[in-house]
Amino acid sequence: EFFEEWVNQDTEKASFMKKITAHSKKFAKGKQSKGEMYFEPGFVSCDSFAMAAAIDESVVTQHIRYGVSVELQGSVTRGMMIVDTLNLLQKENQAFIMTKCDVEKLKQLMMSALK
């Protein structure tokens with residue numbers, strides 16, 4: 001698995017990343033074994049995707065544009081981004097949302113980040 005290769009590089013940065021992601025990894029594996037996961041197993045780092053796109057826009061191979069909002073009242077969710085695919089919010093400004101990426105370029109950027 002890429003995550004293991006990524007955090008097991010023999011560097012201080014990789015060691016730090018392994019330590020700070022240990023709890024999340026354990027939590028996700030526990031949910032997986034109990035059948036409580038609503039998505040496929042694997043490492044998902046939204047911040048890494050965003051930074052990769054900012055560093056090298058060719059990482060993004062497909063995207064969508066929609067108005068977004070952050071739910072603060074807790075009526076649908078709390079503190080999560082809501083993507084307005086129906087344009088109910090009629091936002092003039094729209095977010096650029098990556099839907100597909102060049103996984104190999106993403107991996108190269110992430111590996112380099114922990115060297």
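Helices α3 and α4 are roughly perpendicular to each other, a label for angles of 65 to 115 degrees. Their axes come within 10 Å and cross at roughly 100°; axes here are lines fitted to C-alpha atoms over the stretch in contact, with angles from 0 to 180 degrees between N-to-C directions. Helix α3 covers residues 46-55 and helix α4 covers residues 103-113, where a helix is a DSSP run of H or I with at least four residues, numbered from the N terminus.

Before we go on, this is a predicted model, where local features need pLDDT of at least 70 and side-chain atom pairs count only at pLDDT 80 or more, while totals for chains, interfaces and linings use all residues. Residues are numbered from 1 along each chain, and side-chain values use heavy atoms, without hydrogens and water.

So, which residues of α3 and α4 meet? From α3 we have Ser 48, Phe 49, Ala 52 and Ile 55, and from α4 Leu 106, Leu 109 and Met 110, with contact meaning heavy atoms within 4.5 Å. By class, this contact has 6 nonpolar residues, 1 polar and no charged ones. Ala, Val, Leu, Ile, Met, Phe, Trp, Tyr, Cys and Pro count as nonpolar, Asp, Glu, Lys and Arg as charged, and the others, including Gly, as polar.

Now stay with α4 for a moment. Glu 104 and Lys 107 both lie in this helix, 3 residues apart, about one turn. Their side chains meet in a salt bridge, at 3.8 Å from N to O; the rule asks for a side-chain nitrogen of Lys or Arg within 4 Å of a carboxyl oxygen of Asp or Glu. The count by that rule is 1 salt bridge.

Notes
Helices (H or I, at least four residues) and strands (E, at least two) are DSSP runs, numbered from the N terminus. Angles under 35 degrees count as roughly parallel, over 145 as roughly antiparallel, 65 to 115 as roughly perpendicular and the rest as oblique.
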